[in-house]
Amino acid sequence: MSALPLRLLSPAGGPEQLQMALHFGAHEVFLAGKQWGMRARSKNFDKAQLEEAVQLAHGKGVSVHLTLNTIMRDEDTDELPEYLDFINQIGVDAAIVADLGGMALVQTYAPNVELHVSTQASVMNALAAEQYLRLGAKRLVLAREMTLKEISELHRRVSSELELEVFAHGSMCMAVSGRCFLSSELVGRERGANVGACTQPCRWGWTLVEESKPDTRRMDIEQDDKWSYILSSNDLRMLEHLDDIAAAGVTAIKIEGRAKGAYYTACVTNAYRHVLDGDPAKQWMSELEAVSHRPYSTGFFYGNPTQNPGHVDYVRDRLMVATVISCAEKPNEQGMYEVQVHCRNKATASDQLQVLSANYPIRECVLGMVKQWNGYDAYTPTDIMSRAMGTYKIQLPFAVDPLDILCLKQQS
């Protein structure tokens, strides 16, 4: 298969996720500062971290897109100019904005930063798209409720100056483009979805009842032995349909998940980048089963999405056990490479591992004996790796790179 002309935009909920997105092949990353992003509970980036993130990404040829996509009040727009001047100075490449007032401020105070219209704006037609172009937009993150046929038609009608971006993987919202009031109504305004603090009550167990006879008049829809998940949507996965997305005129695909951990960012970015570069999708489909997810669907791209069939819990088939710190340049006499790692989860000498690398397919090996750093002056032999973030030395039958990931292979 030949490479596809799509840019890959990966989530960076914090500095570690950023490192993984860069290492595993993102063309672009999206992240947030400490305010105005739609994932307020992520680690996010303070000003010093953001400046460092821009320098790190640019050093690898990757652009940085900053989310400023909450629905803003006057107090927000009063504070925003100073922050916009800051991101303009440090070289942020694009600001993802939903609020018209916020867009106007980006134009004024961050003239070197591209304006991208957030999916929160629910752009679904060419007239709206052209209006945003006149307001200075360079790219539209289209509403998730569009089909591929509708995207293709919108692309045909709009100026070639306007880039189109779509979500291709990750969680879906039960409300139009995420504009939901369940969390703010049930938990409080401070936990509202539109300020980035959603508690995801759509994932709770719900039953539809008729008030006069609540014990007998219940709607049994998609029900398991506890509740009906009538509000919970499946996750999106378009790995095997990237050629269709490219054919519709899309410039960039986005992986949802700024609230997810570094392992998720690494694994999903790795799979999508390999397929974009020409690998068969079926070769990497199993990787997307190895991260925390709900049942997958193709969202609205081919029509109405399927409903979550009653599984409120996430599924995850594999566990990250270590990240690579360094690797010897040459193998020893036994043909093994000495590798220094940080432990993330427990593993024993007999465990089967899978190794995620940016430039290789998934490789497998046995962990074998390990040596643990004693914190002072030496490594001591052991048959178990168990101290979280402890430093260990292992031997692998192949070379690896810093930030490659060792995973515990699940038994089938």
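I looked up the largest cavity and read off about 70 Å³ of space in it, a volume being the space filled by probe spheres set on grid points that are joined across faces, edges and corners. A cavity here is a set of points, on a 1 Å grid over the protein atoms alone, where a 1.4 Å probe fits but cannot get out, and its lining residues have an atom within 4 Å of a point. The search of the whole structure turned up two cavities of 30 Å³ or more.

I noted that this is a predicted model, in which local features need pLDDT of at least 70 and side-chain atom pairs count only at pLDDT 80 or more, while totals for chains, interfaces and linings use all residues. I also noted that residues are numbered from 1 along each chain as its sequence is written, and that side-chain values use heavy atoms, with hydrogens and water left out.

Which residues line the largest cavity? I listed Leu142, Ala143, Arg144, Met146, Ile151, Val166, Phe167, Met172, Leu236, Gly299, Phe300 and Phe301.

I then turned to helix packing. Helices (H or I, at least four residues) are DSSP runs numbered from the N terminus, and their axes are lines fitted to C-alpha atoms over the stretch in contact, with angles from 0 to 180 degrees between N-to-C directions.

For helix H2 (residues 47-59) and helix H3 (residues 74-90), I found axes that come within 10 Å and cross at roughly 30 degrees. That makes H2 roughly parallel to H3, a label for angles under 35 degrees. Lys47, Leu50, Glu51 and Val54 of H2 make the contact (heavy atoms within 4.5 Å) with Glu82, Tyr83, Phe86, Ile87 and Ile90 of H3. I sorted these residues into six nonpolar, no polar and three charged.

H3 also packs against helix H4 (residues 100-109), at an angle of about 40 degrees and with the axes 9 Å apart. H3 and H4 are therefore oblique to each other. I saw Thr77, Leu80, Pro81, Leu84, Asp85 and Asn88 in H3 meet Gly102, Leu105, Val106 and Tyr109 in H4, a contact of six nonpolar, three polar and one charged residues.

Last, I checked helix H1 (residues 15-23) and helix H9 (residues 262-276), whose axes come within 8 Å and cross at roughly 15 degrees. That makes H1 roughly parallel to H9. I recorded Glu16, Gln17, Met20 and Ala21 of H1 and Ala262, Thr265, Ala266 and Thr269 of H9 as making the contact.

Notes: Helices (H or I, at least four residues) and strands (E, at least two) are DSSP runs, numbered from the N terminus. Angles under 35 degrees count as roughly parallel, over 145 as roughly antiparallel, 65 to 115 as roughly perpendicular and the rest as oblique. Ala, Val, Leu, Ile, Met, Phe, Trp, Tyr, Cys and Pro count as nonpolar, Asp, Glu, Lys and Arg as charged, and the others, Gly among them, as polar. On a 1 Å grid over the protein atoms alone, a cavity is a set of points where a 1.4 Å probe fits but cannot get out, and a pocket is an open set with protein on both sides within 12 Å along at least five of seven lines; lining residues have an atom within 4 Å of a point.
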